[in-house]
Structure formats: structure tokens, C-alpha cells
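Here is a short walk through one protein model. Keep the 3D view open as you read.

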Amino acid sequence: MNVYDSEQIAKGLEFLQYEMTPFLEKADLIIVNTCAIREKAEQKVFSFLGRLAGLKKKRPDLIIGVGGCVAQQEGAKILERVPHLDLVFGTHAINRLPNAIQAILTKKCRIVDTQMSDQIKEMDFSANGYDTKEVSRFVTIMQGCDNYCTYCVVPYVRGRETSRDPEKIISEIRRLVQSGVREVTLLGQNVNSYGMKEGLLTFPELLRHINDIDGLLRIRFTTSHPKDLSQDLIHSFKDLDKLCHHIHLPIQSGSNRILKRMNRKYTREIYLEKVDKLRNTCSDIAITSDIIVGFPGEKRTDFQETLDLIRTVEFDGLFAFKYSDRPNASAARFSDKIPEDEKKKRLQQVLDLQEQFTTRKNKTLTGSTQSVLVEGFSKKQNQINKPNSSQNAQWTGRTSTNKIVNFYNSDDLKAGNENMMGRLVNIKILQAFSHSLWGKTNGKEPGCFGLRGEKSYVA
Ligand code: 5AD
Ligand code: SF4
């Protein structure tokens, strides 16, 4: 979500003739986009801001702004804490950012804008902002959240759940596709409830419209709340040819007692039932999840139930976090807090257990052929430098199930490293690692299959 917001911020600043620089020391304007989801993320913001003091001292005209969730949460307090800061703007103020910067330039003032609204203010980027070299992009379809999980800061910093107009979403995706994008990831805190409040399309209906966009090859989405995962959405995995076979379905805990204290509104039994339905409908679907360890009151027996659930589901991947108190979130006021060293131990146990499943799942793919959307040169290739015609290029992409595949094109030596970006290619998996796969193009010609019926599609 912050990646998408940062892009919006950058587009807004283009209107003021700013352009991106990779050199912090050369910037005339620095915007720090922040995350408040866990305590650690927030701590990072303040240590980074501290490091900018020297730059401001050397160049007093430098403008420094803080946006995102920490800005929304702390507001004017950040100006007090960070004297070299010019601007604090909240999660609903991105569209007003160009005006704020202009005011700072002309009036040399400090500004705080954390006003929230129940409506989404669309930014008009008709003139620019779609020129991208990337194959895969995020598209926000809704903002905010109404669920109030007791550990979570999101409802307080992102506001009420509001869905974007489907026409705006679809036209944004069309324009991204025109500029070479082949995959979109639709973003929302709980995409399953898209459009419900507004009486717009349902989420599966929106997916069907997006599936019809010519030139788009893949659709992903995140995040899905288990309580709202509908039968209709489950069926979309079978019915929509562009919808990737991956779902991120955060469970948070395997203990019903803790799920209740978290206000998650489902039980482990309901969760397991949904996992079964997903797998019965789409046999190769990859399922990933989030776990919080050390939630207030989590006993050893509760934690054992989480480990047991991880063994039962055999997730393809897991993000695990130590619980941390968040301002306003009601769990911050719960008693029975778990000591830090115990949380650390539990986190390690979860990570060690999951590592076995991730590796095992990857290993089962060796020898298979996977359809991979090519995103660019692999990290290793970037480190070596660009390939020349006597070298095999190393490319990177993802399977439909969201596994990273690094590969070389076995025909490159003859073909002179043809551009594979944005193409769906068949890759034979030769080796599996814990977090990626390694392979080569399958057969003499790269087996490309692009838009319905077309042999290949070059971005
Ligand atoms: N402490 C630890 N983890 C948290 N998450 C959200 N809030 C907290 C918190 N207070 C995790 C949840 C969520 C993910 C994005 O971050 O697992 O799904
Ligand atoms: Fe936070 Fe719960 Fe909303 Fe997710 S569903 S953003 S965890 S309140």
C-alpha cells in the first residue's frame, strides 16, 4: 500500500516539476512515507528522520516532509520532536500535497495536514504518471478498514473503509497496460468487502471486469479477511484465467481463545474449512498467511495450537511478527503482556517450522514446467552487469503461485539475449532453494504464451 501511495506522491510532485533523484544529498525535497503497523516500523521512521538533520543544516532550503500512517497518528507532535521538519501530511492528504509544498516554498512556513474524509479524492493524472518500465504494479481499490482487530492501528490511521469507483480502477489499469504493465495486484485491507457499503460491484464482479482487459496477463490481490472469503471469490480462481493461483489469507493465531481476543470473527475450524474449499476448487493454489506471536494472554497451549495449525495447513509461506502495542488499538490496554524474550522464542519457533514447509513445497516443483511472468534481470545479473551476446542473461519472474524463479534463456547465445520482459514463458525448474527456484527456458524456443491465442507478448 505504501509503494502505491509513494507512486501517487511522486506523480503529484511531477506537477510541480520535481523529478526523482537516487541521491539523497542532492534532493531539494525529501518525503518520508511511513508505516505504523508495528512498533519497529515506527522506530525506523524516527531514526531515519534524525539522520536527515545534517542535510538540512548544510542546506536550509531543503524541504523535508513526513507522510503516511505515522504522520496521521502523530500529527503536529512530529514537528515538535523533529525540529528540521517542514511538513506532516496524513493518509488522506496526498492529493493536497502539491499545494502544501507550494505554500512552504512561498511562505516559508511549517505545515500539518492530517484531515481525514469519508470520500476518496481521486487525483487526476491524465497528463502523466503512467510511464513505467515495470511489468507488475499495485492498484489500490479501497482505503481504510472497519474491522477493528484489537491489535491493529489501521482503522485509526487509514480511516473508514471506502471503495474506489470501479470505472476509475478499470481505466487506471487500462492505462497501466498501455504503458507496458502486464500484472496488477489489487490492494485493500479487506478486498472481500469491496463495494459492499457503496452498493457498487462485488469484488468477484470487479475481478471479472479486470479479467477482460486486453493486454493484461495476470491479476493478484491482497489482503483477504478469512471471515469474508466468499464462495463466489473462491470460484473466481477456477473461472478467471488471469487470476493467479495464490491467496494471502492471514490467520494471526491458531487458538480460538486468542482469535476471539483479537476480534477476528472466525474460528480455526472456519479457517480450515475455507482452506479446504480453496484447495478443492483450485488444486495448485498457494496459500500464505500472517501470524502474530505473543499476543497479550497467549499461553503456551495457545501457541501450540498455532504451531499445530501451521502443520495442518502447510502454508506456502508465512509472515510472522512479535506482537507490539499500537496507539489506540484496544489490545494495548489488555493485561497479561508476554515478555519480549518469550515472544522472540515463539517467533523463532514459527519461522523454523515454516521453513521446512516452504523448502519442501519448493522442492516438489523441481522437474516441473512453470509459467513465469518475466519481471527483469535477476538480482545476481544486475550485480554482474548487463549481459553481452556471449553470456547467458539471468532473468527473474514469478509463477502464478507467486514463487520467485531465476532462470536463463537457453537460446540466448543464438538469439542475442532477446528482451523477455513482460512475457509469460515456460520455465523448466532445475533446482529449488528455500525462497526461490532456478530453471531454464523449456525447449528450443522459449515457450511463450501471451494474450489469449497470441504466441507471445513483448512489453
Ligand atoms: N503487532 C504485531 N503484528 C501486527 N500486525 C498488525 N498489527 C500488529 C501488531 N500490533 C501484523 C498482522 C497483519 C500484518 C500486516 O501485520 O499479522 O496481518
Ligand atoms: Fe487491521 Fe484487522 Fe483491518 Fe486487517 S482487518 S487492517 S488486521 S483491523
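This is a predicted model. Begin at helix 6, residues 97-107. Its buried residues pack against helix 1 (2-14). They also pack against four strands: strand 1 (29-34), strand 2 (63-68), strand 3 (87-89) and strand 4 (111-113). Which residues of helix 6 are buried? They are Leu97, Pro98, Ala100, Ile101, Ala103 and Ile104. After helix 6 comes Lys108. The phi of Lys108 is positive, near 50°.

Is Ile9 buried or exposed? Ile9 has a relative accessibility of 6%. Buried means under 20%, so Ile9 counts as buried. Setting aside neighbours within four places in sequence, Ile9 is in contact with Ile31, Asn33, Phe89, Ile94 and Leu97. Leu97 is also one of the buried residues of helix 6. Pro98 is another buried residue of that helix. Ile9 and Pro98 are 89 residues apart in sequence, yet their C-alpha atoms are 8.7 Å apart in space.

Next, the nonpolar cores. The largest has 52 residues. Which of them touch the most other members? They are Ile173, Leu186, Phe203, Ile210 and Phe221. Take Ile210 as the example. Not counting residues up to four places away in sequence, Ile210 touches Ile169, Ile170, Ile173, Leu186, Leu216 and Ile219. Two of these, Ile173 and Leu186, are themselves on the list of residues that touch the most other members.

Key:
Residues numbered from 1 in each chain as written. Chains lettered and ligands numbered in written order. Predicted model: local features only at pLDDT ≥ 70, side-chain atom pairs only at ≥ 80, totals over all residues. Heavy atoms only, no water. Buried < 20%, exposed > 50% of the residue type's maximum accessible area, 1.4 Å probe, protein only. Helix = DSSP H or I, 4+ residues; strand = E, 2+ residues; numbered from the N terminus. Contact = heavy atoms within 4.5 Å. Core = buried A, V, L, I, M, F, W, Y, C linked by side-chain atoms within 4.5 Å.
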